Amino acid sequence: MKLAVHAPGRLEVRTVPVADPGDLLSRLPHPTALAWVRHGDGLVGWGETARLELPGGHDRFAAADAWLAETFGSAEVEDPLRLPGTGPVAFGSFGFDPKSADSVLIVPRYVLGRRDGHAWVTTIGDPHDDSPDALDSLDALAGALGAPRADGPPPAAFAPVAPGRLTWSDGARSAPSWAQAVQAATARIRDGHLGKVVLARDLIAHADRPIDARVLLHRLADRYPTCYTFAVAGLVGATPELLIRRAGAQVDSLVLAGTTARGTTPADDEARAATLFRSAKDREEHSYAVDMVRDALAPLCTDLDVPAEPELLRLSNVTHLASPVHGRLAADRTVLDVLGALHPTPAVAGTPTERALDLIRELEGMDRGRYAGPVGWVDARGDGEWGIALRCAELSGTRARLFAGCGIVADSDPAAELAEASNKFRAMRYALEG
Ligand SMILES: C=C(O[C@H]1C=CC=C(C(=O)O)[C@@H]1O)C(=O)O
């Protein structure tokens, strides 16, 4: 495997506790934001000390793990807090398809974090770096964070600007053409070729101005506080699906599959949620995903708790069937190691996996890039939080490419799946349009 690496020699890393910095996203000084935030806790990062770009391959998680072990293993670290996310961290985002070469890990120059009432700043790299990207010294930064100034949150190199007027166009497939692909998938499933496949489509937005990820992050975090609002190398979104969180031996996952629209009144909402909960089609879609996550985690864990029945997760645009899974790792495995065992789950690929991937390649007519791949962060202890990159868009200058997908089983109705995809697009449409 050939890796594209940009990294200095030995890293110097320093974490200092700071007073509560308030809204983490408001502290991002550049549009090139790195973020992973939920309910106000999480990590934001800026600047770039090291970057790893990975080609495709099933071994991309192991390759990323090995690079981090070497890069962080040789670092000189001062970290009095020793919490998940303190000390050196990398943000990352992996391509969905093992055949695509989109995976990237970024070690930021600065990290600001908050977790369970603790807040901290970490600098990674050369502490005496005075390049234009290096903002204040860590002490100045931490001091400013500890005593917020009246003239706004430091550092603030560029104020975020909304994208302005947008025009929309179809991505790889128009709506009718995608509905035909769904129809074709149900025929293959009825033939006994596979049990489930997840088909996605893309939409393109063109803006008047370059799109600043920070504007989108703010809107997403406000409207979807229970989701993980993320930004990594231009991939921005708010995902409800936690693929894996590792903190020491503890691992947690939130498996999602099966969706309905929110109701227009409380009674309508209840009725829709009850119908979703009883729907044989949605329960089948959900059980494929839960069974696979159980099978992947069971050999790695001593204890594994998988609920017998799903619960309902209500977001502002949709309600999902959700199964929270908890386990204790049997051996010392990093979060990237566990990712390698899980991705791609049937929440984004299908069952059996290889047949589903072949059908996705055949029917979607597009490369998913990093949509539906793992996105999150990892620290030097191997702790981290990784979601599945859903409800997201790939930003490039004035252009945003949005993605939404739906689990297809034998009984799926193409028109209903098209409506479900539109509902899922609403998160990013709102992020862009306000
Ligand atoms: C593939 C997506 O959602 C997945 C996660 C939750 C529910 C899903 C569903 O009901 O189809 C999908 O499996 C997406 O949002 O693009």
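## Salt bridges in a predicted model

In this predicted model, D383 has a relative accessible area of 6% and is therefore buried.

**Exercise 1.** Determine which side chain meets D383 in a salt bridge, and where the two partners lie.

*Solution.* Begin with the contact itself: the side chains of R246 and D383 meet in a salt bridge, at 2.6 Å from N to O.

**Exercise 2.** Find the salt-bridge partner of R401, and explain why the pair ties together parts that are apart in sequence.

*Solution.* The partner is D202, with the closest N and O atoms 2.8 Å apart. Because R401 lies in strand β24 (residues 399–408) and D202 in strand β12 (residues 196–207), the pair ties together parts that are 199 residues apart in sequence. As to accessibility, both R401 and D202 are buried.

**Exercise 3.** Describe the salt bridge between D268 and R272, and state whether each residue is buried or partly exposed.

*Solution.* The closest N and O atoms of D268 and R272 are 3.3 Å apart. Both residues belong to helix α5 (residues 266–278), where they are four residues apart, about one turn of the helix. D268, at 22% relative accessibility, counts as partly exposed, and R272, at 31%, likewise counts as partly exposed.

Definitions and conventions:
Residues are numbered from 1 along each chain as its sequence is written. This is a predicted model: local features need pLDDT of at least 70, side-chain atom pairs count only at pLDDT 80 or more; totals for chains, interfaces and linings use all residues. Side-chain values use heavy atoms; hydrogens and water are left out. A salt bridge is a side-chain nitrogen of Lys or Arg within 4 Å of a carboxyl oxygen of Asp or Glu. Helices (H or I, at least four residues) and strands (E, at least two) are DSSP runs, numbered from the N terminus. Buried means under 20% relative accessible area, exposed over 50%, partly exposed in between (1.4 Å probe, protein chains only).
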